[in-house]
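Please look over the sequence and the model shown below before reading on. The paragraphs after it go through some of the features one at a time.

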Amino acid sequence: MGKIDSPRSQSDLTWDYSDPVNGPTIPAPFFFDPQIFAEEKQRIFMHCWHLVGHVNEFAEPGNYVVQDIFEQSVVVTAGADGRIHAWHNVCRHRGNRLMTQRRGKVGGVLRCQYHSWCYNLDGGLRSAPRTEHLACFSKEDHSLRKVRHEVFAGWVFVTLDDAAPPVAEMAAGAEAEMRRFLPDLDNVVLVEETDVIVDANWKVIQENSIEGYHFDLSGPVHKELAALIDFKGYTLTAHDRWWTYIGPPNPNATHAYGEPLEGATWQTDWFFNIGLWPNTTFYSFPYTDMIGTFIMIPLGPEKSLLRFGYYAPKGRPVPAVTKAAIEWMNTQLGPEDIELNVTNQKGLHSMGFGSGRYLIDENLPNQSEHLVHHFHKLCYQAIRE
Ligand code: FES
Ligand SMILES: [Fe+2]
């Protein structure tokens, strides 16, 4: 077991994770060391599945969504045949980035704005000005290059690793759990997407979201959330490469997010969260008719893009409670956590810290940090073992 009561060398990049209850937390440099970050990029993010969006975002031919993965970029399109395709988002002429917006809709082609090479929605090169003057040039040799994609529980994922196990295999059992709490999983459309740059390592953001210890101990908005659920029943469960943290409703709640509950409709009155390795979360706030996505996208050792997606059932109006919850997440709960992420990130550099301690206690299951240990272990194993 590592020492936990004295600062350790900031260059010590090993961790004994064998005793979650009595042992130390993963050492602080794992949250800012550039070498660790480079290893995470190569060993985690170049091989994992990345959430792009919901299948309903690809309902019409020409719809596209761009997903950046570090310096790589993938464009996912709805083909003329109605099928979803994923391509490396780069022109085969001289390597110009093809689509530059996060999402949009094109007529029939993806057009490069440099020399106007145009690609069909199925990736084939349709036209390339003046190439008829070239000897030995064939359009067939210059199609967009495919990226592997999958649809899991109604959501589109891509990976840069052709050998990665399918999402359904990596997260066996997760879809059933999602369908239990999110009955409109197949029927939702994007309402809003909010991107926030956070000066914190992606794991600092993740670990904050997967423990209930700080709920009734940090800021006032967290206490509001804790009051909406029967907090004693909050349960955090690890299943290898996916995890859930779920709270039953507080039966006495009459209002939520400043709105009366009377007449509201919801996906679930539970606080439902499910995380998929490494950085995708789906959730629903109690009494809201929406599915939220929460993705921490690493930009640098101490910079992340936090992407909040809000999806609501197609064809019925978004209830006032749900609208209020989205606003509350964007302006209250989110910022309260982000402030903690940033102060946590700063503190991790301190010479007065090296490793800490997990609050893991089976008598306090709703507040226990066992999921944080589980997640840290997965990260450590991915880059070090
Ligand atoms: S780089 Fe795309 S057309 Fe030239
Ligand atoms: Fe929080």
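What follows covers the metal site, the strands, the aromatic rings and a few backbone details.

This is a predicted model, in which local features need pLDDT of at least 70, side-chain atom pairs count only at pLDDT 80 or more, and totals for chains, interfaces and linings use all residues. Residues are numbered from 1 along each chain as its sequence is written, chains are lettered from A and ligands numbered from 1 in the order in which they are written, and side-chain values use heavy atoms, with hydrogens and water left out.

Begin with the iron ion (ligand 2). His-214 (NE2), His-222 (NE2), Asp-337 (OD) and Asp-337 (OD) coordinate the iron ion at 2.1 to 2.5 Å. Donors here are N, O and S atoms within 2.8 Å of the metal (3.2 Å for Na, K and Ca); water is not among the atoms, so sites may look incomplete. Along the sequence, the donor residues follow the spacing H-x7-H-x114-D. The angles subtended by the four donor atoms run from 56 to 159°, which makes the arrangement irregular. Four donors count as tetrahedral if all angles lie between 85 and 135 degrees; four count as square planar and six as octahedral if opposite donors are over 155 degrees apart and all others between 65 and 115; anything else is irregular. His-214 and His-222 are both buried (buried means under 20% relative accessible area, exposed over 50%, partly exposed in between, with a 1.4 Å probe and protein chains only).

Next come the strands. Helices (H or I, at least four residues) and strands (E, at least two) are DSSP runs, numbered from the N terminus, and two strands pair if DSSP finds at least two bridges between them. An open sheet is formed by three strands in the order E6-E7-E8, with antiparallel pairing. Strand E6 (109-111) and strand E8 (125-127) each have a single partner strand and stand at the edges, so one side of each is left without a neighbour in the sheet. E6 is joined to strand E7 (residues 118-120) by three bridges, and Leu-110 stands opposite Tyr-119 in E7. Elsewhere, strand E1 (residues 50-54) has five of its five residues buried. E1 pairs with strand E10 (residues 155-159) in the antiparallel sense over four bridges, and Gly-53 has Val-156 in E10 as its bridge partner.

How many aromatic pairs does a search of the whole structure find? The search finds 29. Rings of Phe, Tyr and Trp (its six-membered ring) pair if their centres lie within 6.5 Å; planes under 30 degrees apart count as stacked, over 60 as edge-to-face and the rest as tilted. Trp-243 and Phe-375 form an edge-to-face pair, 6.0 Å centre to centre with 65° between the planes. Trp-243 belongs to strand E13 (residues 242-247) and Phe-375 to helix H7 (residues 370-384), 132 residues apart. Both Trp-243 and Phe-375 are buried. The ring centres of Trp-266 and Tyr-287 are 5.0 Å apart and their planes are at 75°, so this pair is edge-to-face too. Trp-266 is partly exposed at 32% relative accessible area, whereas Tyr-287 is buried at 6%.

Some backbone details remain. Trp-277 and Pro-278 are joined by a cis peptide bond with omega of about -5°. Phe-70 is not a glycine, yet its phi is positive, about 55°; Phe-70 is partly exposed at 24% relative accessibility. Cys-136 also has a positive phi, near 55°, and is exposed with a relative accessible area of 84%.
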